[in-house]
Amino acid sequence: MPDLNAIKAEAKRLLAEGVVEVVVAFKPGDTPLHPQPAFFTNVDEVENLVYDGLCQNNLATFLTRLPKTKKVGMLVRGCENRSVNALVVEKQKSRENLYLVGIPCEGIIDWRKIVERAGEAVLAVNENNYVVEIETRDEHFTFSKNELLHDSCLRCVHPTPLSADILIGEALPEGNLAIARKAVEEFEAQTIEDKYAWFQKEAERCIRCYACREACPMCYCTECFVDHIEPRWTESGATPAGMQGWHIVRAFHQTARCTDCGACERACPMDIKMTYLTEKLNHDMINKYNFEAGLDTQTLPPFATVTLDDKNRFMA
Amino acid sequence: MNLILEKQALPGLLQSWREQYDVYVPQKMERFSHFMPLTEESVLVTGEPHNTRIPPKALFLPMTETLVKFTRFGGYEDAQQNVQPRVVFGIRPCDAQAIQLLDTSFIQEGYTDPLWLERREKTITIGLGCHQPCHNGFCTTVGYGPFNKSDLDALLTDLGDTYLVETLSEAGEACFQDLSPASDDIYEHALEIQQIAHDQMPVAFETENLKEKLEQNFNSKFWEEVSQSCLGCGVCTFLCPTCFCFDIVDETQRKQRVRNWDTCMFRTYSLEASGHNPRPSRVERTRQRLSHKFVYWLDQVNQIGCTGCGRCVRYCPVGIDIRAMLRQAQTLPFEVSHAV
Ligand code: SF4
Ligand code: SF4
Ligand code: SF4
Ligand code: SF4
């Protein structure tokens with residue numbers, strides 16, 4: 001775990017010296033399982049800042065909700081940094097108005113994996129050196145952190161922020177792309193019927209609450225396609241066509257933009273798996289175009305570029 | 001009537017109801033439980049987590065339902081809903097209470113929703129009290145409780161190897177007619193268990209003057225503070241057993257008029273045709289959610305519109321906690337109103 005005092009000191013400095021107007025980070029929640037995103041605007045408030053493995057949100061999702069010209073400081077882990085980069089590429093924020101406090105990330109804990117193992121009456125969670133101690137109303141539990149990590153974090157390739165303004169703690173080794181691919185490869189290896197059955201089982205639990213959309217930094221459209229009325233692009237209800245339509249189009253809109261942070265899955269109240277779709281697209285983009293979202297702040301995603309020598313027939 | 005039910009006999013009893021009824025019981029779905037029709041293979045979930053992820057309101061107000069089917073040349077016909085008489089077993093008291101609250105909205109003279117009414121009339125609800133209350137619920141704080149009997153046809157209390165069954169209506173009695181009566185001792189023992197559970201629930205926030213404080217601080221900075229990290233998703237309201245907003249949409253390709261769950265937390269909920277939105281940001285939307293439950297419900301039916309089920313606390317993706325918000329609201333300034 002990075003040194004919390006060092007994070008706080010940096011956040012205080014940024015505010016005191018006027019480098020930024022707000023620091024986006026986390027504060028304690030009402031229960032240890034749910035720390036809350038928080039917006040610190042003065043030095044005194046920063047005492048309340050927390051950071052641990054249960055900070056499950058991708059803070060970059062708040063970037064497009066703050067005024068574009070506001071000077072923003074943000075706590076970023078590997079995936080968050082890449083999301084911020086992707087947003088800068090898409091001109092949602094200029095890099096000069098940002099100060100990124102980077103944290104080499106040991107992975108985000110999936111609180112549902114805790115509840116599954118220890119119940120919901122969790123009074124305290126302590127992490128130390130990849131071991132998680134949990135105090136509940138009636139019992140004490142010890143888990144290895146890996147057992148509790150969110151699936152996206154288990155396959156993370158770039159845990160260390162790539163372009164933070166300062167790094168708190170030592171950089172971590174890069175992950176292994178072969179391991180990262182495993183989940184997608186396993187999915188691909190299924191028969192087409194099994195794939196569809198899997199997709200149906202996941203998508204058709206959807207209640208269309210759009211927590212996945214709201215949690216995703218790359219879903220920032222003022223009007224999402226599902227909210228559009230004239231014409232209507234999808235069925236409105238929680239019907240198979242409506243739910244499948246949402247899941248397919250949501251995933252496609254993420255092509256070469258998703259950083260596999262997993263925030264969508266962690267936000268879903270129905271425990272729906274959906275990163276297998278975006279990960280498939282991510283790996284297609286790597287294989288076919290050698291492109292990965294968020295590695296820098298300049299390169300446009302392949303599908304966002306148009307050149308005169310494009311080979312597409314419809315361009316001719 | 002107070003009856004005694006051996007736990008071993010429960011599966012058989014549930015199956016026997018299937019002769020007359022569609023039976024719904026909480027069953028495992030992924031990592032949570034969900035009310036689903038009972039089949040021969042069904043495995044009943046009665047332990048933690050206490051509540052089903054989706055509240056049983058969905059059995060009365062489905063997420064999506066067809067209201068009208070259009071025919072050619074401008075005609076239409078009402079959709080048939082075809083609800084069979086049914087028993088819902090294992091409803092927790094907070095969720096049953098919520099159904100009573102929703103009745104006040106859907107069943108009103110002159111404004112009764114026929115679909116809701118039919119489902120209600122055809123449903124027997126059998127509750128399972130919470131002898132080990134859940135951690136994030138706060139039913140007693142809002143005036144209800146882990147053995148609340150409101151709107152149930154029978155309530156079960158877990159006594160270890162047996163359940164005490166308190167029947168609360170004729171329909172409830174009929175479901176358990178073959179059971180033997182519970183002795184006074186057993187009943188006393190069950191009452192004790194109920195009391196202990198009740199006393200275990202912490203006071204999550206004070207409700208005294210809460211309504212006045214929220215009303216008088218309508219324009220307070222407080223709303224900005226508590227809604228800052230809100231994502232504006234549908235989790236807290238869709239999963240709430242007392243939230244009932246819906247949207248009516250014409251699915252022209254299907255030639256159907258449908259009703260879908262909707263929520264005041266969505267931007268599009270209050271967006272008007274002109275483009276104006278009277279609740280332009282998450283600040284106003286959060287204020288609406290809380291005020292509906294802790295102000296407007298009281299104005300309308302003199303009951304708090306939250307039954308303390310804890311779902312919004314558990315599943316809010318950014319950890320916004322209604323208990324914490326209301327504790328903070330209690331620190332707001334207010335003047336005692338002397339309205340008669
Ligand atoms: S789609 Fe999901 S995994 Fe991808 S960037 Fe958005 S929230 Fe993260
Ligand atoms: S968060 Fe889950 S339930 Fe909600 S819209 Fe997304 S996939 Fe559907
Ligand atoms: S669940 Fe949380 S983030 Fe979503 S609308 Fe409710 S308070 Fe906001
Ligand atoms: S407001 Fe929250 S705690 Fe209250 S009934 Fe609704 S979901 Fe349950």
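**Two ligand shells and one interface**

Author: Start with ligand 3. Its shell divides into 10 nonpolar residues, 1 polar and 1 charged. Keep in mind that this is a predicted model.

Reader: Which residues surround ligand 3?

Author: From chain B come B:Cys230, B:Leu231, B:Gly232, B:Cys233, B:Val235 and B:Cys236.

Reader: Where does ligand 3 sit?

Author: Ligand 3 sits in the second largest cavity.

Reader: What classes make up the shell around ligand 1?

Author: That shell has 5 nonpolar, 3 polar and 2 charged residues. The residues are in chain A, among them A:Cys216, A:Arg250, A:Gln254, A:Cys258, A:Asp260 and A:Cys264.

Reader: Now the interface. What is the area buried between chain A and chain B?

Author: The general idea first. Interface size is often given as the accessible area lost when the parts come together. Here the buried area is about 3,700 Å². Carbon and sulfur atoms give 51% of that. A:Asp30, A:Glu120 and A:Ile207 supply 17% of the area that chain A buries against chain B, more than any other three residues.

Reader: How many residues are in contact?

Author: 47 residues of chain A touch 43 residues of chain B.

Reader: How many salt bridges does the rule find across this interface?

Author: The rule finds 10. One salt bridge joins B:Glu30 to A:Lys201. Their closest N and O atoms are 3.2 Å apart. The cut-off for a salt bridge is 4 Å.

Reader: How many residue pairs are in polar contact between the chains?

Author: The count is 19, with both residues at pLDDT 80 or more.

How values were computed:
Residues are numbered from 1 along each chain as its sequence is written. Chains are lettered from A and ligands numbered from 1 in the order in which they are written. This is a predicted model: local features need pLDDT of at least 70, side-chain atom pairs count only at pLDDT 80 or more; totals for chains, interfaces and linings use all residues. Side-chain values use heavy atoms; hydrogens and water are left out. A residue is near a molecule or strand if one of its heavy atoms lies within 4 Å of it. On a 1 Å grid over the protein atoms alone, a cavity is a set of points where a 1.4 Å probe fits but cannot get out, and a pocket is an open set with protein on both sides within 12 Å along at least five of seven lines; lining residues have an atom within 4 Å of a point. A molecule sits in a cavity or pocket if more than half of its atoms lie within 2 Å of its grid points. Ala, Val, Leu, Ile, Met, Phe, Trp, Tyr, Cys and Pro count as nonpolar, Asp, Glu, Lys and Arg as charged, and the others, Gly among them, as polar. Contact means heavy atoms within 4.5 Å. Buried area is the accessible area (1.4 Å probe) that two parts lose on being put together, summed over both. A salt bridge is a side-chain nitrogen of Lys or Arg within 4 Å of a carboxyl oxygen of Asp or Glu. A polar contact is a pair of N or O atoms within 3.5 Å; within protein, one must be able to donate a hydrogen and the other to accept it, and residues adjacent in sequence count only if both atoms are side-chain atoms.
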